[in-house]
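Here is a friendly tour of one protein model. Have a look at the structure first, and then we can go through some of its features together.

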Amino acid sequence: MKKTIFSLMLGLSTLAFVTSCSDDDTIPTNEATCSDGIKNGDETGIDCGGSCTACTVESVDLTGDITENTTLDAAIAYNLTGAYVVKSGYSLTIPAGTTIKAAGGTAAFIGVERGAQIFINGTAAAPVILTSGATNAAAGDWGGLVIAGDAPTNKGVDVTTEVGDLTYGGSNSSDNSGEITYLRVEYTGATFSNDKEFNGVSLFGVGSGTTFEYVQSFNGGDDGIEFFGGSVTGNNLVSIGSGDDSIDFADGWIGSGSNWYIAGGAKAGIEGSNNGDDGNATPVTTTTLSNITVVGPVSEGALYFKEGGGNFTIENFYISGADLGIKVKDTDIEANARIDADNLAISNIQFADTPAEFTATDYIGTNLDFFVEGLATGAGNGAAAPDWAAGWTTGLSNSAASTQQNLAGEVTGDVSLDASIEYILTNGFVVKTGGSLTIPAGTLIKATGGTAAFVGVERGAQIFINGTATAPVIMTSGSDTPAAGDWGGLVIAGNAATNKGVDVTTEVGDLTYGGTENDDDSGDITYLRVEYTGATFSNDKEFNGVSLFGVGSGTKFENVQSYMGGDDGIEFFGGAVDGVNLVSIGSGDDSIDFADGWTGNGTNWYIKGGAKAGIEGSNNGDDGDASPVTTTTLTNITVVGPVSEGALYFKEGGGSFTITNFYTSGVDLGVKVKDTDTEAGVRIEADALTINPIQFDTPAPEFIQTDYTGANTTFITTGDNTGAGAGASEPTWAAGWTTGIN
């Protein structure tokens, strides 16, 4: 038999019964009369509401045992004055829009026995709210919701809940304790003792047949939501302002969770454990979590992997404002053993708004790759409130988006950065094959990780750098006193031909490059400035500002500057990509370098202040005649000295170069060619190098046009020209987005 609290008050005490206003069939007038027994005008009931006196709301106390299937009424104001327990075999249904206000501290809670069911049928527009009845509500005002089920736990069978004295635990993993949707619990966590407190919602051995989604704990005195074993899945959960951990699971929980938004908890964002008495107890806590946001500060990590931990797979984990990402005590032998055995795997974890004392993990074992950083959206919008939480939650109004995010790890799929966020490059950040990274105009990336910090694009991946002349994309040093060599640089690997072979490895970044697709497309790079690059591994292994390995002609590479790099500014290692509107200022080695069978072309290059060659053009350092031979046409080139290895250094076999409108200023050597470079000399004799015209403006006192000593003295033709557009001055196409020219 189904009964309603309004009609049968068994187990309840009535505080006040006043006849509720109701509709009447009489046709209303246009004005409220407040006395004619008709609902009219702005009245919300018969002779009440609107401009009349307020409608009286019935108030009912809830306490005792539910021994019949019971349905509450959203029109009634309920007061929870004691323990209100659904007994085994019966059900409690709470419709959308119902509010229950609790008083009574530890005595006031709602319990669901093993074998009973609860149906909380809230909606996004009308959630069910369980809250404090105090005038000045505070955490710990009442107990919370406690549900006991018949699913397995590693605490045993027929054990007793730590609060509520309910029996739970069995062998039915698919046990069904009902459906809980769009529920908000507030000011829970009444305390019995230091180790015995209510949580917002406690699920003891609850089975997978139970629906548990769209649930929030707000300002609870202990944990927000906790799973004690069982197999129920928790989706779209929110925990705000918990006095202990925000969401906790333990005791062999084998459910999963997605879309968790956590903020303002006192201790761990998520505490995941196996068993506090035996870290190896079975069944072992095993879960897959996805789309998780934890907003700190937190005092025990965004994730606390403890008491044996368990087997966790976590994907898309966004952490903001936390000083510690993953906490693992070094004395927790079982938890550490599980990490060592790859039983904790976290992919696409991203750290944002990190404080100065931030560490990713305090784990000190040998498995240093149990987490992989990447770009994450967390519960939907990073640190900001997720869209799915709108309307039915509380306390998320201050959940602002992050202003600073770390970049590291891997990019899979198609992802975009946000120009309103300042990015901190802390490690290698690599776009994996099949993925793409889009960086919008005005984005700023600051690198802090030395040789470990670089942006890489694998062969088969793409990068889209969409800067503009007024809002370039800038990749720079994060140091307060930036200097050349502070970080790596941008490394792009493609599938075009090089004379180094197929499937070779980049000298930095360990990416595979080289193939047979000369029209390979690695994306679009436009209006990009890289600064203070060139971190050094060894004397022969350094990052350049931008390194293009086997990049194909389908790639757009234009309006790019390297500024104050520790090694070469921009270098082409084979491939067929063109370079248009390039600027290199203050490079520690050569300003622009190409080699290894590059067959692209270059237009509008402005070069100044490089330590060695303005342009270094070669074929192959191991075999000057390797094929494909470096072959290029360069037009509108400016090199402003001094240079120590020539405005052009034709070396290691050189190649086939045609250069027109080449302007130099302040150089002591025009074209450098070593007399020991047999292959380069042969190519000059065969007219494979042609420069017409080149201008030597304001040359150094010791100036010579070339140190080439062969017979062909006509490969250079001098004449006046404009170079990159304005001789030694800044070309118009470089205005606005470059630095250091003037």
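## A buried threonine

Thr630 is buried, as its relative accessible area is 0%. Buried here means under 20% relative accessible area, with exposed being over 50% and partly exposed in between, for a 1.4 Å probe and protein chains only. Thr630 sits in the loop between β51 (615-618) and β52 (631-640); strands are DSSP runs (E, at least two residues), numbered from the N terminus.

What does the side chain of Thr630 reach at 3.0 Å? The backbone nitrogen of Gly597. Leaving out residues up to four places away in sequence, Thr630 also touches a set that includes Phe594, Trp598, Ser618, Gly654 and Phe657, where contact means heavy atoms within 4.5 Å.

## How the model is read

This is a predicted model, in which local features need pLDDT of at least 70 and side-chain atom pairs pLDDT 80 or more, while totals for chains, interfaces and linings use all residues. Residues are numbered from 1 along each chain as its sequence is written, and side-chain values use heavy atoms, without hydrogens or water.

## The largest pocket

The largest pocket holds about 590 Å³ of space. A pocket is an open set of points on a 1 Å grid over the protein atoms alone, where a 1.4 Å probe fits, with protein on both sides within 12 Å along at least five of seven lines; lining residues have an atom within 4 Å of a point. Points are joined across faces, edges and corners, and the volume is the space filled by probe spheres set on them.

Its lining has 29 residues, with Glu162, Glu226, Phe228, Asp248 and Glu271 nearest the centre. By class, 19 are charged, six nonpolar and four polar; Asp, Glu, Lys and Arg count as charged, Ala, Val, Leu, Ile, Met, Phe, Trp, Tyr, Cys and Pro as nonpolar, and the others, Gly among them, as polar. Strands that each supply at least two lining residues include β19 (225-228), β23 (270-273) and β25 (303-306).

## Two strands and their partners

In β25, Leu303 and Phe305 point one way and Tyr304 and Lys306 the other, and all are buried. β25 runs parallel to β23, with four bridges, and Phe305 is the bridge partner of Gly272. Two strands pair if DSSP finds at least two bridges between them. Two bridges also join β25 to the parallel strand β27 (residues 324-327), where Ile326 stands opposite Leu303.

Strand β37 (residues 462-466) has a covered face, Ile463 and Ile465, and an uncovered one, Gln462, Phe464 and Asn466. Five bridges link β37 to the parallel β34 (residues 436-440), and four link it in the parallel sense to β42 (residues 523-531).

Note on methods:
A polar contact is a pair of N or O atoms within 3.5 Å; within protein, one must be able to donate a hydrogen and the other to accept it, and residues adjacent in sequence count only if both atoms are side-chain atoms.
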